[in-house]
Amino acid sequence: MTSSLEARLGAEIESFKRDGVYKRMNFLESPQGSRVRMEGRGEVVVLSSNNYLGLCNVPEVVAAGKRGLDELGAGTASVRFICGTFTIHRRLEETLARFLGTEAALSYVSCWNANTGLMPTFLDEQDVIISDALNHASIIDGMRLCKAPRKIYPHSDMAALEAALKESAGSRTRLVMTDGVFSMEGDIARLPDIIELARKYDAVVAVDDSHSTGVLGKTGKGTFEHYGLGGRDVDIITSTLGKALGGAAGGFTAGPATIVDYLVQRSRPQLFSNALPPTVAYSSLAAVEYLAAHPERVQRLRDNTKYFRERIQALGLNPRAGETPIVPIIVGETAFAIRMSEMMLREGVFVTGFGYPVVPKGEARIRCQISAGHTREDLDKALDAFKKVGREMGLIS
Ligand SMILES: Cc1ncc(COP(=O)(O)O)c(C=O)c1O
C-alpha cells in the first residue's frame with residue numbers, strides 16, 4: 001500500500017525529473033583522486049571533490065587508517081564522555097591545536113556536528129548571532145537549533161555587520177559567524193575587518209574554515225594565516241577533516257581551552273553521539289602531520305588554481321573572480337547547469353552543476369574545484385572539455 005506521504009513525495013520527485021533537476025548518483029569504483037574510475041564511464045578527471053591537497057589516497061594517510069583499525073578496532077561504541085575517548089582522540093586534538101596555534105581543539109564526527117553543536121551550547125535568548133547571508137547550511141541549522149535571536153547581514157557587507165552589532169548592543173554575547181571561504185562562491189571572508197568590528201563592539205568571532213584549512217595561507221592553516229593573523233586572533237575556528245585533511249570524515253572546533261572544555265561538558269553531539277572512529281582519527285592525524293611536513297602541497301594547489309583560473313578566463317567562461325580553488329562558472333538555470341555537467345562527463349570530466357535550493361534561483365553554476373593532486377595534463381583535459389562543451393551550449397563563441 002502506498003501512503004499519502006509516499007504519493008506526495010513521489011509526485012514531487014517526478015516533477016524534479018520533469019524539470020531536469022533530479023540528482024543522480026555517480027558511483028566510483030576506485031579511490032578518490034585527480035582521476036577516478038566511474039561505473040559505466042571509465043576514467044574521468046575529477047573537478048568536483050574537496051580533496052584539495054590530494055591527501056585522500058597518499059600512502060601515509062591510508063596506512064595510518066589501517067593501523068587505527070588494527071590497533072583499536074572498528075569503532076568507539078560510545079560517546080566521548082562515557083567510554084568512547086581513546087588516546088588517539090587526544091593526540092589528534094592536541095596536534096590540531098598546535099597546528100592552528102589555538103589553546104585547544106575538540107573533534108566531532110563531522111563539521112556539520114561541530115557547527116550545529118556550537119551555537120546552541122552557550123547562546124540563548126539573552127544573546128545574538130550575527131551571520132553572513134551565504135554561510136553554510138550547517139551554520140544555518142546550528143542557528144535554527146539555538147534560542148538566540150539572529151541577524152543576517154548581506155554577504156560580506158561590513159556596514160551591515162556594523163549596523164547589526166550596534167543594534168544588538170544590549171545582548172549578553174554577540175557571536176559573529178562566517179565561513180572562511182564561501183563554498184559556492186569561492187570568495188574569502190573579510191576577516192581582518194570582521195575581527196576589527198568584533199573587537200570594537202565586544203563580540204566573539206567564529207570562522208568555519210572547512211574550505212580554508214589546508215588551502216589558505218602559506219602553510220595551509222586557513223583564513224587567518226591568509227591575512228597574516230594567528231589562530232588566536234579568531235575566537236573560535238570550526239573546520240572539517242573531510243576535505244583537505246584526508247577527506248575521510250570528521251570535524252573539529254578549535255579555540256580557547258575554556259570554550260573547548262565547555263563544549264565537552266554541554267555540546268549535544270558530543271554528549272549524545274558516538275565519537276570519531278579510531279580509523280578516521282588515525283588517518284586525519286596522519287593528514288595533519290603530512291600537511292605540516294609538506295607545505296609545498298599548498299603551494300602546488302595555489303599554482304594549479306592560478307593555472308586553471310587564467311585559462312578558463314581566457315576561454316571566455318567568466319568564472320567568479322577570486323584566488324581560491326573553488327571556481328564557480330555561473331550559467332543561470334539549474335537544468336542548464338545539470339545538462340552541462342552531464343555533457344562534461346561525456347567528455348571525461350566530472351564537474352558538478354549546482355542549482356536552487358543550494359544557490360539562489362537564476363544563479364545555477366558549474367563549480368570547479370582544483371586540487372594539488374591534479375597534473376597539468378588533468379587540468380588541460382578539463383579545459384579542452386570546457387572549450388568544446390562551452391561552444392556546444394552557446395556559452396562561448
Ligand atoms: C563551509 C562548510 N562547513 C561545514 C561543512 C560540513 O562538513 P562535514 O562534511 O565535515 O560535515 C561543509 C561541507 O560541505 C562546508 O562546506
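Student: How many salt bridges does a search of the whole structure find?
Tutor: This is a predicted model, where local features need pLDDT of at least 70, side-chain atom pairs count only at pLDDT 80 or more, and totals for chains, interfaces and linings use all residues. Side-chain values use heavy atoms, with hydrogens and water left out, and residues are numbered from 1 along each chain as its sequence is written. A salt bridge puts a side-chain nitrogen of Lys or Arg within 4 Å of a carboxyl oxygen of Asp or Glu. Searching the whole structure by that rule gives 23.

Student: How many residues apart in sequence are the parts that Arg-41 and Glu-342 tie together?
Tutor: The two side chains meet in a salt bridge, N to O 3.0 Å. Arg-41 sits in the loop between β1 and β2, and Glu-342 in helix α15 (residues 334-346), so the pair links parts separated in sequence by 301 residues. Helices (H or I, at least four residues) and strands (E, at least two) are DSSP runs, numbered from the N terminus.

Student: What is the strand order in the open sheet of three strands?
Tutor: Two strands pair if DSSP finds at least two bridges between them. The edge strands, β1 (35-38) and β11 (349-350), each pair on one side only. Strand β2 (residues 42-46) pairs with β11 in the parallel sense over two bridges. Pairing in the sheet is mixed, and the order is β1-β2-β11.

Student: Which residue in β11 stands opposite Val-46?
Tutor: Strand β2 covers residues 42-46 and pairs with β11. Opposite Val-46 stands Phe-350.

Student: What area is buried between domain 1 and domain 2?
Tutor: Domain 1 is 19-48 + 295-392 and domain 2 is 59-293, with bounds from an automatic or database domain assignment. Their C-alpha centres lie 27 Å apart. Buried area is the accessible area (1.4 Å probe) that two parts lose on being put together, summed over both. Carbon and sulfur atoms give 58% of a total of about 1400 Å².

Student: Which residue meets Arg-320 in a salt bridge?
Tutor: Between domain 1 and domain 2 the count is two salt bridges. The N to O distance for Arg-320 is 2.6 Å, and its partner is Glu-185.

Student: Which element gives the most to the side of domain 1 that touches domain 2?
Tutor: Contact means heavy atoms within 4.5 Å, and 18 residues of domain 1 contact 20 of domain 2. On the domain 1 side, α14 (296-314), β10 (326-332) and β13 (364-369) each supply at least two residues. Five residues come from the top contributor, α14.

Student: Which peptide bond is cis, with omega near 10 degrees?
Tutor: Look in the loop between β12 (352-354) and β13, where Pro-357 lies. The cis bond runs from Tyr-356 to Pro-357.

Student: What is phi of Ala-77 near?
Tutor: Ala-77 is in the loop between α2 (59-72) and α3 (80-84). Its phi is positive, in a residue other than glycine, and is near 50 degrees.
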